[in-house]
Amino acid sequence: MKPNQIHIVPHMHWDREWYFSTEESQILLVNNMDEIMDMLEQHPDYPAYVLDGQTAILEDYFAAKPENVDRVKRLVQTGRLKIGPWYTQTDEAIIGAESMTRNLLYGLKDSRRLGKPMMIGYVPDSFGQSAQAPMILNQFGIQRSLFWRGLSNRKGTERSEFKWQSDDGSEVMTANFPLGYASGKYLEDDAKALKTRMDKLLNTLDQHANGQDELIPNGHDQMPIQQNIQEVITLLNQLYPDRHFALSTYEQFFDAIQKQPNLPTVSGEMLDGKRGRIHRSIYSVRMDLKAYNARIESKITNILEPLATLAYRCGIPYQHGLIELIWK
């Protein structure tokens, strides 16, 4: 029996800088955030929106619109705006383990200032997944992971849902995007175009689903919120009467797959490019910046913080705020 519960999750993937500057990105962000909050406030039946799992987005937004802190806080506290658990989307392969740990530490800290963090290790665009990611996530109380790049049948399963273990036995319930985080971007409101596109998408999702539930992320890089998504979902339910499409959240999707029996178990790092490019060239591009970053990480971890700890024992204040700024 083919899967019949289709979870459509609205989100925005955010590149703070890439083929544009940080300042250009901030202009897009202000426009997008205002539209997102308008939609959530004006449509109580719209369940939630995911801010890419990184709180750095909100730092940039509040720098431009500090008057909206309370507005964001209300949406986060009611579960309508999903933030965290990361400070920024991490690259798991080329930074130190302490950097990845602090990323979660500060992301969760920032999230809790506003409300409740999304407790999912959400890395939709990291170029490969670390073997020890389940261990690091578990250390912060995170039991779920969602990613795109790196998985293939060489791990022993073709399923999109599985249990992922680290060498120490740490485990997270994991879902993989077989078609990436943008498979449901700008869903068409034309029946013929939508059917053509969705037939291909569902065919792939059906091949990898472990149970009756499938996930379609409705978003893309810097993509504005899709204003007519409710009308599109109504059309989808008409086109596919044997399935049920609905706006959902990643938490609701995990609640559903958590009930699936006999989920496969995998372990180790995810560095295969079968379902999504890994971009191995990033390991060496701009090596001067990578080497500089590594030196800074080493200096903080092995010199600054140990000395600050010793100094604290001698009565000198430990400057947590300054050290957090350096890490960020």
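Predicted model: local features only at pLDDT ≥ 70, side-chain atom pairs only at ≥ 80, totals over all residues.

Residues are numbered from 1 along each chain as its sequence is written, and side-chain values use heavy atoms, with hydrogens and water left out.

The secondary structure of the protein chain consists of ten helices and ten strands; helices (H or I, at least four residues) and strands (E, at least two) are DSSP runs, numbered from the N terminus. The radius of gyration is 20 Å, close to the 20 Å that the globule rule gives for 328 residues, so the protein chain is as compact as a globular protein of that length. This radius is taken over C-alpha atoms, and the rule is 2.2 Å times the number of residues to the power 0.38. Along its principal axes, the C-alpha trace spans about 70 × 50 × 35 Å. Of the 328 residues, 52% count as buried, where buried means under 20% relative accessible area, exposed over 50%, and partly exposed in between (1.4 Å probe, protein chains only). A contact means heavy atoms within 4.5 Å. Among contacts with a separation of 6 or more, 79% join residues 24 or more positions apart.

Leu194, Met198, Leu201, Leu202, Leu205 and His208 of α6 are buried. The buried residues of α6 pack against β1 (5-10), β8, α7 (229-239) and β9 (244-247).

Rolling a probe the size of a water molecule over the atoms shows where empty space is left. On a 1 Å grid over the protein atoms alone, a cavity is a set of points where a 1.4 Å probe fits but cannot get out, and a pocket is an open set with protein on both sides within 12 Å along at least five of seven lines; lining residues have an atom within 4 Å of a point. Grid points are joined across faces, edges and corners, and a volume is the space filled by probe spheres set on the points.

There are two cavities of 30 Å³ or more. The largest has a volume of about 90 Å³, and its lining includes Leu205 and His208. Strand β8 gives the largest share of that lining, three residues. The second largest cavity holds about 40 Å³ of space, and Trp86 and Met100 are among its lining residues.

The largest pocket has a volume of about 2,100 Å³. Its lining comprises 45 residues, of which Glu17, Thr88, Gln89, Asp91 and Ile94 lie nearest its centre. The elements that give two or more residues to this lining are α2 (56-64), α4, α9 (287-313) and α10 (320-327), and α9 supplies the largest share, seven residues. Helix α4 (residues 97-114) contains Leu105, which counts as partly exposed at 39% relative accessibility. The C-alpha atoms of Leu105 and Glu324 are separated by 9.9 Å, although the two are 219 residues apart along the chain.
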